[in-house]
Amino acid sequence: MAWSANSGRFAVCTAERVVLLYDEHGERRDKFSTKPADAKYGRKSYVVKGMAFSPDSTKIAIGQTDNIVYVYRIGEEWGDKKVICNKFIQMSAVTCLLWPAENTIVFGLAEGKVRLANTKNNKSSTIYGTDSYVVSLASYWSHSGSLQGSTEGCDKKIVAYGKEGNVIQTFDYSRDSSEKEFTTAAASPGGQAVVIGSYDRLRVLNWSPRRGAWEEAKPKEIPHLYTITSLAWKRDGSRLCAGTLCGGVEQFDCCLRRSIYKNKFEMTYVGPSQVIVKNLSTGTRVVLKSHYGYEIDEVKILGKDRYLVAHTSDTLLLGDINSNKLSEVAWQGSGGNEKFFFDNENVCMIFNAGELTLVEYGSNDILGSVRTEFVNPHLVSVRINERQQRGVEENKRLAYLIDIKTIATVDLVGNYSVGTVSHDSKIDWLELNETGHKLLFRDKKMRVRPGRGVLRLNIAWESVSKPRTKLCPK
């Protein structure tokens, strides 16, 4: 079984070598039959041992025991024609398979080799060799405090290993007469949970960041389910599918808790560090996730129900629901006293303890930070690549008040001060133009005359130390 990267498709391969395609709600929408490496041996000459979607969810790779990996293009819509676009012939049976990156398929062989197939040039190469049959493969998402785990099936033990290969925990069920051998295991997309399948039972282990250890949850007992042969997590972590020896596929809803926010959004905490935010009126979803594995506190939706804000112990998560641009930046706890402003569609402005911090949506680095006491979005202007300029790849500018009569300008790409503009009256509004090369501001006297009032400043930015200014009455 396999879920697509966009969570919109779920594929199941039967013992008859037929791939069934379902939508995310479990309704069957399509199917296609796999093919043998050589037609003369017939359709029953092989078994499918591995299956994975491409990162763009438009292809499926199939690993078979008749020494071949096929790649089928299944298209973007249900019912699109299924076409073999790649095939990789091997020297022994394919035993397992995954597709971790664009154009890159990794698979194991019965002869003990782990090989890499490039779908772009249709060539494969060996990346690891051993004398033992390759049983399974898994791509490892690293974050602070996570662990790699393994199961040793027949001895009824689960062993958790640390990053250096040392054994840190062992769960021993050998004295439990009701437990049968473990047959399959799967980790959640965020890595915080592992489910192990056996006979009529699913065991769940959850990673505890505070304890730095795996904790066992209550097992899921399902009478007459029989042996669990495969497990697959939905990419957003909200569902787990279990395939059985008898040909059934069970789908489980997975979450720590679920709540309704402002009667407009559904918050599903699928793990300590991952939350699915669903708009109840449109059905659109955003997956907010800490890439460092930190536990997410309460998620808030601010700025006319468009922007996400959440804290962890060491980071701040921000997101634009409309564009699905998410950010996670290092952030020390401030007791939740920050003030967030969302007037700019590209940048979140955060005021805290006399400091202005800028975070560009979609970036995991702080764009810029300056000291200022003027907590008002009308006294700050940020321009981020808003007008394409010849010969300029990145153009990011900031204007803000140093004091009530002095405006400072900053180049955020090079992180240096461009210059200052002083005025003889208190300034109550300012804004840069799209390129950041012109500044418009207003004083409280609102007198429109040369040298006072509303001024348009044409600044020669190429002279950083002494910018030339031309004052023009509006």
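1. Two strands are said to pair if DSSP finds at least two bridges between them. Strands are DSSP runs of E with at least two residues, numbered from the N terminus. By this rule β28 and strand β29 (residues 307–311) pair in the antiparallel sense, over 4 bridges. Within that pairing, Lys300 faces Val309 of β29.

2. The coordinates are a predicted model, in which local features need pLDDT of at least 70, side-chain atom pairs count only at pLDDT 80 or more, and totals for chains, interfaces and linings use all residues. Residues are numbered from 1 along each chain as its sequence is written, and side-chain values use heavy atoms, with hydrogens and water left out.

3. An open sheet is built from 4 strands in the order β28-β29-β30-β31, with antiparallel pairing. Its edges are β28 (299–302) and β31, each of which pairs on one side only. From one strand to the next the twist averages 20° (axes are lines fitted to C-alpha atoms, and angles run from 0 to 180 degrees between N-to-C directions).

4. Glu338 deserves a separate remark, and it is found in the loop between β31 (325–330) and β32 (339–341). Is Glu338 buried or exposed? Glu338 counts as buried because its relative accessibility is 9%; buried means under 20% relative accessible area, exposed over 50%, and partly exposed in between, with a 1.4 Å probe and protein chains only. Beyond neighbours within four places in sequence, Glu338 contacts His311, Trp331, Ile350, Phe351 and Asn352, contact meaning heavy atoms within 4.5 Å.

5. Strand β9 (residues 94–101) is mostly covered, with 6 of its 8 residues buried, and 5 bridges join β9 to the antiparallel strand β10 (residues 104–109). Leu98 has Val106 as its bridge partner in β10. The hairpin of β9 and β10 has 2 residues between the strands, and Asn103 takes a positive phi near 65° there.

6. In a regular strand the side chains alternate between the two faces of the sheet. Strand β16 (residues 184–187) has Thr184 and Ala186 on a covered face and Ala185 and Ala187 on an uncovered one. β16 pairs with strand β17 (residues 193–197) in the antiparallel sense over 4 bridges, and Ala186 stands opposite Val195. In the hairpin of β16 and β17, 5 residues lie between the strands, and Gly191 in the turn has a positive phi of about 85°.

7. The largest nonpolar core has 16 residues, of which Leu358, Val380, Val382 and Leu398 touch the most other members. Such a core is a set of buried Ala, Val, Leu, Ile, Met, Phe, Trp, Tyr and Cys residues joined through side-chain atoms within 4.5 Å. Strands β33 (347–352), β34 (355–360), β36 (380–384), β37 (396–403) and β38 (406–411) each supply at least two residues of this core. Not counting residues up to four places away in sequence, Val380 touches Met349, Phe351, Leu356, Leu398, Ala399, Tyr400 and Leu430.

8. The whole structure holds 26 salt bridges, each defined as a side-chain nitrogen of Lys or Arg within 4 Å of a carboxyl oxygen of Asp or Glu. In one of them, Glu24 and Lys234 bring their closest N and O atoms to 2.8 Å. Glu24 lies in the loop between β3 (18–23) and β4 (28–33) and Lys234 in the loop between β21 (228–233) and β22 (239–244), so the pair ties together parts 210 residues apart in sequence. Lys234 is buried, with a relative accessible area of 1%.

9. Arg383 and Glu431 also meet in a salt bridge, at 2.9 Å from N to O. This pair links strand β36, which holds Arg383, to strand β40 (residues 427–432), which holds Glu431, 48 residues apart. Arg383 is buried at 14% relative accessible area, whereas Glu431 is partly exposed at 31%. Finally, a network of salt bridges links Asp176, Glu179, Arg201, Arg203, Glu216 and Glu221.
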